[in-house]
Amino acid sequence: MKQMTETTQKAHWGMVLGRAAIVVLLAGIPFAAGLCATNPGGDNAVPNIFQPQSTPADSIKQLSDFVLAITGMIFVVVFSLLIYAVIKFRQRAGTADREPAQVYGSTQIELAWTIIPILIVVVLFLATARVIHAVQDAPKPATAIEITAIGHQYWWEFRYPGLGIVTANELHIPVSDPALPTPTFLKLLSADTDHSFWIPQLAGKTDLIPNHPNSMWMDPHRTGIFLGQCAQYCGTQHAKMLLRVSVDSPKDFGAWVRAQQKPAIQDEKVIAGRRVFETTACINCHAVGGSAANGRFGPDLTHLMSRETIASGAAENTKENLRLWIQKPDAIKPGSLMPAMQLNDEDLDALVNYLETLQ
Ligand code: HEC
Ligand SMILES: [Cu+2]
């Protein structure tokens, strides 16, 4: 007798705990959604899929909201029925040794739960197909900016074929005024392995695959810095393969383009450092416009100092970081494909002084 009460008591506590767990889980959903929707740190401090600022990202957000609403409704209906059944038909003292009523099939119910889900899936399919079509088949206006983005282990190369610009890691594009749209169309390529281009606030995620050009576009609605990240594991330093997009006003973009189109500054004061650069392996991997350096394995350094970060966002572009980077890239980005160059202090200082003139 005593044993039996103990078992029922245990079962009772099990049930209370189970119910409490369900309540906690349900309460967690709006909490998590609230966390995601807030934007700590102000202006685009974190990439955020909940605050689209460009047409493709906006279409994707709207579709996700729609799908979430429908699946959320299904979740609520199914869980309400489940909780109802669990409570209403729970084991009671009087019914412990009786079998529940045995029901064999119901054509109406079976038809309903076959046809309704099919309709829901068709609606979700059509809504998704519509957005995919609108994003992928958008016509390219004559005013579009064309850029080729090439993924490298572990940095980004950006080429503006129409403007004759080559740069790295920090993409500059103009803001797009709906009255006179200047969207940016990107051709996506890879120099080695599979990468993925993702700036959540501006567009969806698209892979960069060797020998298989992909494309995407974005038309940012406001200026500012937007952050992104390589979204496909591509090797050791995949995590430090960040993307920085500067959406500029038409005036700022024009000024940036003119500055980038100039050849590298040749400052006689840093001739010693330039000599170090041009007589070591640097030039096999890096290009500096208007000099003997035309390597393509690493980022173009012609306008290195116009970038706020180095090594794909791994460090700020300061004198100390440049020095450290050349001496020991692994200190900033372990596994990066730039070798430690083993220079003596004198050469290193001269070299950094030279790099600092590459405005
Ligand atoms: C074997 C090829 C190779 C050699 C040689 C090489 N680099 Fe690099 N370098 C790279 C690669 C690859 C990166 C990109 C690393 C990353 O971000 O993952 C890089 C990045 C850099 C960067 C950061 C650029 C940016 O905008 O992020 C600087 C500056 C740089 N190298 C300077 C030098 C200098 C100076 C030398 C010569 C002393 C040199 N490199 C030699 C391959 C090389
Ligand atoms: Cu990558």
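Me: In what order do the five strands of the open sheet that holds β4 and β10 run?
Reply: This is a predicted model, in which local features need pLDDT of at least 70, side-chain atom pairs count only at pLDDT 80 or more, and totals for chains, interfaces and linings use all residues. Residues are numbered from 1 along each chain as its sequence is written, while chains are lettered from A and ligands numbered from 1 in the order in which they are written. Helices (H or I, at least four residues) and strands (E, at least two) are DSSP runs, numbered from the N terminus. The pairing in this open sheet is mixed, and the order is β4-β10-β9-β6-β7.

Me: Which are the edge strands of that sheet?
Reply: Two strands pair if DSSP finds at least two bridges between them. An edge strand pairs on one side only. Here the edge strands are β4 (170–174) and β7 (206–208).

Me: What does the twist average from one strand to the next?
Reply: Axes are lines fitted to C-alpha atoms, for helices over the stretch in contact, and angles run from 0 to 180 degrees between N-to-C directions. From one strand to the next, the twist averages 30°.

Me: Do β4 and β10 run parallel or antiparallel?
Reply: Strand β10 covers residues 242–248, and five bridges join β4 to it. His172 stands opposite Ser246 in β10. Ile173 stands opposite Val247 in β10. The two strands run parallel.

Me: How many bridges join β9 to β10?
Reply: Strand β9 covers residues 224–230 and runs antiparallel to β10. Gly228 stands opposite Leu243 in β10. The bridges that join β9 to β10 number six.

Me: What distance separates the C-alpha atoms of Phe197 and Leu243?
Reply: Phe197 lies in strand β6 (residues 195–198). Phe197 counts as buried, with 24 C-beta neighbours inside 10 Å. A residue is buried if 20 or more other C-beta atoms lie within 10 Å of its own, exposed if 12 or fewer, and partly exposed in between, with C-beta atoms placed from the backbone. Phe197 and Leu243 are 46 residues apart along the chain, and their C-alpha atoms are separated by 8.3 Å.

Me: Which residue in β2 stands opposite His152?
Reply: Strand β1 (residues 145–152) and strand β2 (residues 155–160) pair in the antiparallel sense over five bridges. Opposite His152 stands Trp155.

Me: What kind of peptide bond joins Gln153 and Tyr154?
Reply: Tyr154 sits in the loop between β1 and β2. Most residues other than glycine have a negative phi, and most peptide bonds are trans. Between Gln153 and Tyr154, omega is about 0°, and the bond is cis.

Me: What is phi of Ser312 near?
Reply: Ser312 lies in the loop between β11 and β12. Ser312 is buried, with 24 other C-beta atoms within 10 Å. Phi is positive in this residue, which is not glycine, with a value near 60°.

Me: Between which domains does ligand 1 lie, and why?
Reply: Domain bounds come from an automatic or database domain assignment. The protein chain is divided into domain 1 (48–91 + 107–138), domain 2 (145–261) and domain 3 (268–355). Two of these give residues to the shell around ligand 1, so the ligand lies between domain 2 and domain 3.

Me: Which residues come nearest to ligand 1?
Reply: A residue is near a molecule or strand if its C-beta atom, placed from the backbone, lies within 6 Å of it. Helices α6 (282–285), α7 (319–327) and α9 (345–355) each supply at least two residues of the shell. Of the 32 residues around ligand 1, those that come nearest are Ala281, Cys282, Cys285, Gly298 and Met338.

Me: How many residues of the shell around ligand 1 are nonpolar?
Reply: Ala, Val, Leu, Ile, Met, Phe, Trp, Tyr, Cys and Pro count as nonpolar, Asp, Glu, Lys and Arg as charged, and the others, Gly among them, as polar. The shell has two charged residues and eight polar ones, and its nonpolar residues number 22.

Me: How far apart do the C-alpha centres of domain 1 and domain 3 lie?
Reply: The C-alpha atoms of the protein chain fill a box of roughly 100 × 55 × 40 Å, taken along the principal axes. The distance between the C-alpha centres of domain 1 and domain 3 is 51 Å.
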